[in-house]
Amino acid sequence: MAGELKELERQIAKDLLSIGAVFLRPGEPFTWASGIKSPIYCDNRLTLTAPRVRDHIEAGLARVVKELYPECEVLMGTSTAGIAHAAITATLLDLPMGYVRSSAKDHGRTNRIEGRLERGQKAVVIEDLISTGDSCIEVVKALREAGAEVLGIASIFTYGMQTGLDHLREAEVRNHSLSNFDTLVEVAAEQGYIRPEDIERLMAFRANPRDESWIGTIR
């Protein structure tokens, strides 16, 4: 199974690169909302408008849920990027689904969790991107407070940053991503999206995004 999951990681990395959902630009860093200079930009919403890639992702998420979270009784998408993926994956698995708002509504029933969720129900969160892990951890907390047993997260892509790994561990949240930064960089170099000599700089960024020394080494 480990070999099959590794091949899935590579396939999803190829898919994300092919449609520009993940874009590597070590020579001209992007600036995140946090102010961090980044050689990578990720917009997994583009996968929804690429049917072949979307099929690979939903099949992959369904496989992760079925094989790694076999007790799952309901899928819960993160708002807003995880909602569509949760709905499609739930259809493939014939499971109920709902989603968790970033904050409770200020009208009507003031729901934060949309869709029926029973106390004690075993849930898996569907997320598109893991960076620091904070946003999906908030979703997990909301579900736990509502009485759900959260088995873990199934996500499309993770940066694999140590801060994110630490936050997930501290919150006792398990995550499995279809692909990750390390695999994507490896595939990008093989397919000519970046130069082989860019790999070390990209890995330096991933190890510590707030240390911008990798930018000064660009030639």
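A salt bridge here is a side-chain nitrogen of Lys or Arg within 4 Å of a carboxyl oxygen of Asp or Glu. Keep that cut-off in mind for the first stops of this tour, which runs through a predicted model.

**Stop 1: Arg101 and Glu114**

Select arginine 101 and glutamate 114. Their closest N and O atoms are 2.8 Å apart, and the two residues form a salt bridge. Arginine 101 sits in the loop between β6 and β7 (113–114), while glutamate 114 belongs to strand β7, so the pair ties together parts that are 13 residues apart in sequence. Now show the surface. Arginine 101 is partly exposed, because its relative accessible area is 24%. Glutamate 114 counts as buried, because its relative accessibility is 14% and the limit for buried is under 20%.

**Stop 2: Glu4 and Arg63**

Next, select glutamate 4 and arginine 63. A salt bridge joins their side chains, at 2.5 Å from N to O. Glutamate 4 is part of helix α1 (residues 2–18) and arginine 63 is part of helix α2 (residues 51–68), so this contact ties together parts that are 59 residues apart in sequence. Glutamate 4 has 49% relative accessibility and therefore counts as partly exposed. Arginine 63 is also partly exposed, with a relative accessible area of 24%.

**Stop 3: Lys122 and Glu149**

Go on to lysine 122 and glutamate 149. They form a salt bridge whose closest N and O atoms are 3.8 Å apart. Lysine 122 is in strand β8 (residues 122–130) and glutamate 149 is in strand β9 (residues 149–158); the pair links distant parts of the chain, 27 residues apart. Glutamate 149 is partly exposed at 38% relative accessibility, and lysine 122 is partly exposed at 22%.

**Stop 4: a network of charges**

Select Arg195, Glu197, Asp198 and Arg201 together. Salt bridges link these residues in a network. Side chains of opposite charge can pair when their charged atoms come close.

**Stop 5: Thr89**

Move to threonine 89 in helix α3. Is this threonine 89 buried or exposed? Threonine 89 counts as buried, because its relative accessibility is 0%. To see what surrounds the residue, show Glu58, Leu61, Ala62 and Leu75: threonine 89 touches these, leaving aside residues up to four places away in sequence.

**Stop 6**

Two residues with positive phi come next. Select aspartate 94, in the loop between α3 and β6 (97–100). Its phi is near 55 degrees, a positive value in a residue other than glycine. Aspartate 94 counts as exposed, because its relative accessibility is 69% and the limit for exposed is over 50%.

Then select glutamate 172, in the loop between α5 (162–170) and β10 (175–180). Phi of glutamate 172 is near 55 degrees, again positive in a residue other than glycine. With 69% relative accessibility, glutamate 172 counts as exposed.

**Stop 7: Ser79 to Thr80**

Finish on the backbone, and select serine 79 and threonine 80. Which form does the peptide bond from serine 79 to threonine 80 take? The bond is cis, and its omega is near 0 degrees. Threonine 80 lies in the loop between β5 (74–78) and α3 (81–93). Helix α3 was also the place to look for threonine 89.

Methods: Residues are numbered from 1 along each chain as its sequence is written. This is a predicted model: local features need pLDDT of at least 70, side-chain atom pairs count only at pLDDT 80 or more; totals for chains, interfaces and linings use all residues. Side-chain values use heavy atoms; hydrogens and water are left out. Helices (H or I, at least four residues) and strands (E, at least two) are DSSP runs, numbered from the N terminus. Buried means under 20% relative accessible area, exposed over 50%, partly exposed in between (1.4 Å probe, protein chains only). Contact means heavy atoms within 4.5 Å.
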